[in-house]
Amino acid sequence: MGKTIQLRDVEHRRLVFGPRDKHLRLVREAFGVRLTARGGSVHISGPPEAVRRTQTVVEELDRMAGDGQAISEREVQQILDTVSRSGRGPEALEIEVYTSGRPVRPQTPGQLAYCEAIEHNDLVFCIGPAGTGKTYLAVAMAVQALKRKRIKRIVLVRPAVEAGEKLGFLPGDLQAKVNPYLRPLLDALHDMIGFKQVRACVETDVIEIIPLAYMRGRTLNDAYIILDEAQNTTTAQMKMFLTRMGMRSKMVVTGDITQVDLAEGTKSGLVDAGEKLAGIDGVVLHEMTRGDIVRHRLVQEIVNAYERGERGSEDRSRRAPQPRAD
């Protein structure tokens, strides 16, 4: 069987094929097909199922190139693993939400692997940079579980620690103080359920959005519990949160360990949990990369620039002369 794929733009060839066609060699070795590249097209020949899977991979690489995403060997291998395991690309999975219009779908292999980890495990940790969909996809999976009546409630949790500011500095009652910290979770819900229905669900406790401090002493059954910005939890807070899980419940814990706002010298509960819980059956630690960033193209460039700056600062610090001991 043969299939020819025309790339969206001949300029994408360098990104899709990789340096010295390395990406194409990885695909060829993974599926045992023959690949011929001419200009802006790729011809695939081989067994029908292998050709179909190869087509899925090449089209995904072409989509990533069109979106301006960097394509590293790691990203290619991740796509190959995903397609080999499920036979489909990331966008084939559609997450059911209440609002009509644009469906919620994972956009990268890393996002698809994250959604599949949530589907098949009771406790998932997701670490990654801003814009990788950690929170948004977790909320979408929770909404889908609610819609399918697999759970009875959604509990969205955040630590009230942001960039050194404290709740006491904000005006208003407790709800007014807490609202800015929980706004990203509300924004995601409004996208998927609609403003009026979110309000009704909150009033009836079908959806609860609370600060982490108010989780103590509770046991949550038949619930989908998401802890966002978990890098800003202490080890004691993380232990307290994780032990709130009740029967027939799922937990998703998300965070970016490069953006910790805890006091200097305080170990992040997210880092600590990743170390302590590794290897436990039913617990998955999933890591997003810069290749999973799906916000505006500039977000990926901003993350890259900051990482280069931090590495440069570390190098300069190591090269700085040390004071002599007299």
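For the angle between two axes, under 35 degrees counts as roughly parallel, over 145 as roughly antiparallel, 65 to 115 as roughly perpendicular and the rest as oblique. Axes are lines fitted to C-alpha atoms, for helices over the stretch in contact, and angles run from 0 to 180 degrees between N-to-C directions. The model is predicted: local features need pLDDT of at least 70, side-chain atom pairs count only at pLDDT 80 or more, and totals for chains, interfaces and linings use all residues. Residues are numbered from 1 along each chain as its sequence is written, and side-chain values use heavy atoms, without hydrogens and water.

Helices (H or I, at least four residues) and strands (E, at least two) are DSSP runs, numbered from the N terminus. The axes of helix 5 and helix 6 come within 10 Å and cross at roughly 40°. Helix 5 and helix 6 are therefore oblique to each other. Contact means heavy atoms within 4.5 Å, and the residues that make it are tabulated here.

| Helix | Residues in the contact |
|---|---|
| Helix 5 | Gln 111, Tyr 114, Cys 115, Ile 118, Glu 119 |
| Helix 6 | Lys 134, Leu 137, Ala 138, Met 141, Gln 144 |

Elsewhere, three strands form an open antiparallel sheet in the order 1-3-2, where pairing requires at least two DSSP bridges between two strands. Strand 1 (2-6) and strand 2 (34-38) each have a single partner strand, so one side of each lacks a neighbour in the sheet. The twist averages 20° from one strand to the next. Helix 3 (residues 48-66) packs on the sheet and touches strand 1, strand 2 and strand 3.
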